[in-house]
Each structure stands twice: as structure tokens, then as C-alpha cells.
Amino acid sequence: MERSGLIFIGPLIGHDPNDPYKGQYDEEIILTSSDWYHDQVPVLIEQMLVTTNTQFRPPFPEALLLNDTQQSKLHFVPGKNYKIRFINMAAFASVLLQFDSHTMRVIEVDGTYIQKHNAYQIRVAPAQRYTFILNAQPTTRRNYAFLASLDMNRDFANDPAPVYPFNITGYIVYDDAKALPNPHVVTNWKPVDDYTFQPLECGCLSNTADKVITLDFNFGFDTGGIPR
């Protein structure tokens, strides 16, 4: 949506009247992530498509946001169950997510229901969606933190020393009168392997293919020396 030169973005949610997990959660919460660039797209493209960019480096963002802010709070009531729709609206990087003392029970990925799968960490690619259930703690004894990190590494799982310069601590708030906890710290990111997910309904692939097509791609330069 564009109005007076401004562009507005936001999630568009379609509710399934036949949700197989209906009745297993009390409320629904939308949580979005986005990488924040200080320059607009035309400027970023000009910076990238230059002959000096011999390493094909894309524009890197300046910050990570949750629900378009760096002060994200989820208000929970003890004993309730919450369906969290996590949407990565980032343009460049995946987002890693972990909650303190709240296990994510993943039930849907990219619009496909899966068999409920417990996860302590998830990695969500740009434009990807995860839906999971969080079971609230039984008391308001304290508030809890959660951490989102922007994965700007070439291959975080195999890089010898991956770095995460952009992190946000959000909060699950049970009692506004109580202090917020310290920022959540994750010493090692090892998100759940989504290959272990099983569809809720059998959508099994066939064992053999009639023909295998291989598509190879690589970076290159055009005749003017511009990276493509």
C-alpha cells in the first residue's frame, strides 16, 4: 500500500475454518520480523551494481525489528495457550528465534500443517512463516525474555565463527508491575531441522522420478563488468 509517497507493509492473515489445531489454543498473536535498511531500494541497487563489487556482496541491513519495533512485548495470562504466527518479512536475512522457558510447539510451516513438533530454536528464511503454540507458565512469578538474531552469515552451520551483529530481546510479560528480565543470551544457535517435520496429512513424494532435471547457477559479470 502506498500513500503520499509512503509504503506500508503488514501481514495478511487467512483463517482456516477447518483448523485441525482449533481448540488447542486460547488466543492468536502475530509476530513479525524485518531487516531495517536506512536507504531506499534504488539507492541500495546503485550501491550493489558497480564494477568494484567483485565479491557480489548484497546490501546489508542496519538493524533487526520485531513487529516494526525494538521493544516487542507479548502479554500472556497464566495457564493460557497462545498460537503465534511468526512471519519473516525481511528482504535479506533469515531470523533465528528462541524463547526462555517456553518451548515452541510448531504446527504449521508456510501454510502447511505438520504434526506437532517441539522446538527450542527455529530459523525462518525471508518470506517464510512458522506457526507454533506457546503454553503460558502457570503463575505470574516473573516475566521472560526471548531473542531474535539476524543470520547474516554465509552458512551459519558451517562457518567456523558465525557472527550475529543484530539482535533483539523481546519479552513475554505476565505482570507489568514486575521488572523485565535481562536480555536473553544464546551461546549457540542450533535450530530445529525442518527436514524432521512430518505433514499432518500424508503428502508423500513418489519414490522415483521419471526424469531428473539439474539447474546450475553461478554469479557472473555482464559485458560492462557489473555483477549479476
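Let's start at a turn: in the hairpin made by S8 and S9, two residues sit between the strands, and Asp 110 takes a positive phi near 50°. Keep in mind that this is a predicted model.

- Strand S8 covers residues 104–109 and strand S9 covers residues 112–119, and the two pair in the antiparallel sense over five bridges.
- If you want a spot to look at in that pairing, Val 106 stands opposite His 117 in S9.

**The five-stranded sheet**
- Here five strands make up an open sheet with mixed pairing, and the order runs S5-S13-S12-S7-S10.
- The edges belong to S5 (73–75) and S10 (121–124); each has a single partner strand, so one side of each is left without a neighbour in the sheet.
- Going from one strand to the next, the twist averages 20°.
- Lys 73 has its bridge partner in S13, namely Tyr 171.
- As background, strands of a sheet pair through backbone hydrogen bonds, in either a parallel or an antiparallel way.

**The second largest pocket**
- This pocket holds about 400 Å³ of space.
- Its lining takes in 15 residues, and those nearest the centre are Phe 60, Phe 92, Met 152, Asn 153 and Arg 154.
- By residue class, the lining of the second largest pocket splits into seven nonpolar, three polar and five charged residues.

How values were computed
Residues are numbered from 1 along each chain as its sequence is written. This is a predicted model: local features need pLDDT of at least 70, side-chain atom pairs count only at pLDDT 80 or more; totals for chains, interfaces and linings use all residues. Side-chain values use heavy atoms; hydrogens and water are left out. On a 1 Å grid over the protein atoms alone, a cavity is a set of points where a 1.4 Å probe fits but cannot get out, and a pocket is an open set with protein on both sides within 12 Å along at least five of seven lines; lining residues have an atom within 4 Å of a point. Grid points are joined across faces, edges and corners, and a volume is the space filled by probe spheres set on the points. Ala, Val, Leu, Ile, Met, Phe, Trp, Tyr, Cys and Pro count as nonpolar, Asp, Glu, Lys and Arg as charged, and the others, Gly among them, as polar. Two strands pair if DSSP finds at least two bridges between them. Helices (H or I, at least four residues) and strands (E, at least two) are DSSP runs, numbered from the N terminus. Axes are lines fitted to C-alpha atoms, for helices over the stretch in contact, and angles run from 0 to 180 degrees between N-to-C directions.
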